[in-house]
Amino acid sequence: MTDHVSSTESQDTNFILSSQSLSKAVHDRYAEYTRPLKLKLKVGSWNTAAHLGTENDLASWFVQEDSQSRHTAKLSKENLNITEDKVISATESKLQLDKIKDLEASNGDDCLSEIEDQEEVGIYVLGLQEVTSLSTAREYIGRIYTDPEPISRWRKALVEALPSGYVEIMEQQLAGLLLFIYASPSIAPKINSVSTVTIGTGIIGYLGNKGAIVTRIILADTTRIVFVNSHLASGPEPQQLERRFWDIEQILQRTKFEPINSTECFTNNQDQIGDEEYTFWFGDLNFRLDGLPGDEIRRLLMIMSNEECRNGPQPQNLLDDDVKEDETFIIHGDSDDENDEETGYQHESKADDFKLANILSPNFQHLDAFAFDSSQDPASLQSTLNCLLPHDQLKNAQANNRILHDGWKEGPISFLPTYKYDIGAEMIFDSSEKKRAPSWCDRILYRSRRDKDQYEEKCKNDKAFATQKNGNFEITEKNDIKNHEESPYDYNPDEDGVDIKNNYDPRERYEGSDPMKKNQDKRIDLNIYTSHQRVTSSDHKPIHATFTLSYDVILHEVKAKIQQEVVRDLDRAENERRPEVTIIIDHSMDGLCKESPMGVTDAVDFGEVAYNQKIVRSLTIANTSRAPAMVYFLDRKGAKGNDSLDSSSWLSVYFSDLGAVDDESAAKLVKTNVTLEPGDAINATLEALVKGIELVRALNKYSLQLEEILVLRVCDGPDHFIPVRGSWLQTCLGRSINELLQIPDGGVRNFSLPKEDVKPLSSCQDSKFSAPRELYRLTEAIQSLIERVTADSNILESASLPQDAPGWPFDSRHWIFKNSTRRDNYLQLVIQALDTSQNLTEVFTPETLAIEKLEVISEALLLFLSYLSDGIITHNLWLSLEQAFADRGPSPEEIKAWTLDILSAEPNHNISFIFLTSMLAQVVAELASVSSNSNSSNSSYQLSSKRLSNVMAFDLVLRKSMSWKVKQTPPQTPVSSPPLSLPDPLPAKREQIVKAMTEIFVPVIFRAVEGITERQKRNIEEKRVTILQSFLAL
């Protein structure tokens, strides 16, 4: 009969489903539980030059906007009343064109609002610089933390300008820097994990007269957005440019946001700039124009701006970055007259011709689909600006990979420089003594995560290409030299000046800081990027940019379902790839033992376990999974008490050969672990063996049970727990003499099953015996067998005793019975007979020789004596005997007398001592007689010696029998008859036997004394030998 052991959940954390792996698996299906939405975001930046009243202009340029920025506004299809599926006539198209012109020429703010208000601005971001005057370091340090007036004043102006219902997300001040973020009522609840960091890079590199305010927000738990409002070091000199670079590097390096509180899977807990999905960097960056005289710049810009104002603004509705190569339309010449006549009307201008022709196109969406390239007109303002932009420090730094080059973008600059103007005057550049050159100091840059990744990928590819190119340089150079020698006149005038591989675009340096322009991220669109020239309350012009960006919202119900599916999939995959084993316990041997009272069949049951009885059980471990399984049993560390007893020492486990026939031939594997391939199996053998004296005593007292839990560890799989138990059979070994006296008829096995009404044996109970019956039976059997063995040796030549073996039959070195298996089996049967009050000699088979029986029982006697917990001579009795050496006589007869007198204080020990010494004396006499008569030819002498030995033995047995029947009433003065005087021709041989017996029995009769020196031990040993020899000598 076999049973399977049920496996419990493994404690190994390697295969407990972690929240991190679950989150990653769910995030891999991100597109399934999210939906994209668009958000309109507006960023404004203004250096207010610490002038009071600048906040009054906030509404006009940041929220409502003025007429100067109106030419960049988008015209929606709804304003044009055009749909894709509606076909319009030429006359209707002309009317629509007139409406467009009227909208462009209108100076009213209502018209602009009508166009822009089609989409609600979800987030307003306002960055201000120099909101307070900091003329000295002392004033600066004092006003940083104590003056709340600037932030209160600007907050009030912003709240009044914004539409009602907008919610403040954050506000922060760093000296003269202010940053505000407000969100619409529909967007504000989606924003969390707001973290703001202030980075000072001004005086001594840390104070806030220069630096940045950096804020990170999480939108809808899916999108990280970072805003950087910065004010960098000022000045046009090269060292001041380097300081601006240093400021930017410090801001990037020192920004550390707080950990994100989001349920979505983000790779970093503490973000830095670069980990987000979108970044907006704005403020007074203070980059100037290099290499141009300031006077010429001012004069040229004033002329061109006045000319532009007289001619009217031209719309530019699509950014260069948003126009594909096949979608760019540029007007180069006059309209075709034939086409004009066919349509029935004349175009008033080239721009009108462009607009109408494309409105009629079936692919027309809105006016953002086309661009008017005013830069092609050398007399236009945009052409003038394009000539200045190559001298811009920021664009040059980006083009040279010096700073803000890794994916950062800036919209096309189609507005005048924002610095420096006369305060209160319109279109008047700096007329002070310094006459600073106009520059685009105020900027708005942006970047998406995809921009950054694409830039890094491009750099990686460029590096790999450069490596490959350098490797082929030598080959190319050799080929060029060879070709030149073969054709020295290979000049082609048609290809002169043409570089096919490197076709240079003069606008590439400054028209886009994005190196991945062709693979532009479509998730973010720049709608407007402009300045506001009519705001004259500061020497800087405010700028703003409007973006449309995409973000994802989580469908929580869908995500919950996906999460459940992922958990099931992960659990199934985990179970398929994790190793699993099945344990089959062999219960075929259970019929030999009693049935478990609990009726449990899923455990290894050894049944009844006796002392020194080896019991073997086996179980089979099979790999039933699809993966290899490495298995091993965990180290068993049993509970240890004060005596350092290992409670698990009775059980041993090892892997064995599955094909072994029996336990003895099973090969024990040296490996502590075994790897099983799928379908493989291996046997594990369990052995129960109780031998240690401390373990025996603990089991006899019921303080320890034969119970254990084996843990089979399956690497990367669940653990298996295998219960192991056995029923201990009580034994006479390991007890004290007083406990042995309490054993009832039938032996100690009557106490094998502990019950509530059965108490362990106690020395306090009365006993009807004077000495342990186990000791009596052992000494009686030895006396009987020694007589028979010596008689056989005198009669039969084949039954001779070991020669030169004075310690036989107690000395294991001279044993004749060498078969260890049979001997151990007989020894176990003798111990069992002692425990069950059986005749000791009846446990042997009839063919067993008397000499073999004698050796086995002699071994049992030594084992019994060595396991006595108090010994024949207790420690207290020995102290009295040791004291008597100084006060009593030293002769053998005197030693025997005062020894028995002292031992009479413990009658049970006294009688036990007499039993043992009398038996030993007879053994010495029998062995000495055999030795002395082996070389003698006098048969009469041999017969007389034999008879005398028999008389002495009878006398000793009679004394024992009389002593056995007395209940705790030993004579006060021990009676001892002098031994019979026998002629002994070989006294030296007798002394040799006595000496050998003394060496064997002194350690088991007397208990060792601890805590003494070696010299003291030798002194005590000599005294003990003297006492015992006095009882063995005849």
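Axes are lines fitted to C-alpha atoms, for helices over the stretch in contact, and angles run from 0 to 180 degrees between N-to-C directions. Helices (H or I, at least four residues) and strands (E, at least two) are DSSP runs, numbered from the N terminus.

This is a predicted model, in which local features need pLDDT of at least 70 and side-chain atom pairs count only at pLDDT 80 or more, while totals for chains, interfaces and linings use all residues. Residues are numbered from 1 along each chain as its sequence is written, and side-chain values use heavy atoms, with hydrogens and water left out.

Two strands pair if DSSP finds at least two bridges between them. S6 and strand S7 (residues 211-219) run antiparallel and are joined by eight bridges. Val197 stands opposite Val214 in S7.

A second open sheet has six strands. Their order is S4-S5-S3-S2-S12-S11, again with mixed pairing. Strand S4 (167-174) and strand S11 (524-531) are the edge strands, and each pairs on one side only. Here the twist averages 15 degrees from one strand to the next. S4 pairs with strand S5 (residues 177-183) in the antiparallel sense, over seven bridges. Glu168 has Tyr182 in S5 as its bridge partner. Helix H7 (residues 149-161) packs on this sheet and touches strand S2 (34-47), strand S3 (123-129), S4 and S5. The direction of H7 makes about 30 degrees with that of S5.

Now the salt bridges (a side-chain nitrogen of Lys or Arg within 4 Å of a carboxyl oxygen of Asp or Glu). The structure holds 37 of them. One joins Lys409 to Asp451, with the closest N and O atoms 3.4 Å apart. This pair links distant parts of the chain, 42 residues apart. Lys409 is in the loop between helix H13 (393-399) and S10, and Asp451 is in helix H14 (residues 449-471).

Further along come two helix pairs. The axes of helix H20 (residues 820-836) and helix H21 (residues 850-867) come within 10 Å and cross at roughly 60 degrees. H20 and H21 are therefore oblique to each other. Angles under 35 degrees count as roughly parallel, over 145 as roughly antiparallel, 65 to 115 as roughly perpendicular and the rest as oblique. The contact includes Tyr826 and Leu827 of H20, and Val856 and Leu863 of H21. Its residues divide into eight nonpolar, no polar and five charged. Ala, Val, Leu, Ile, Met, Phe, Trp, Tyr, Cys and Pro count as nonpolar, Asp, Glu, Lys and Arg as charged, and the others, Gly among them, as polar.

For helix H26 (residues 987-1005) and helix H27 (residues 1014-1032), the axes come within 9 Å and cross at roughly 120 degrees. H26 and H27 are therefore oblique to each other. Among the residues that meet are Phe1001 and Val1002 in H26, and Val1025 and Leu1028 in H27. This contact has eight nonpolar, two polar and three charged residues.

Notes. Contact = heavy atoms within 4.5 Å.
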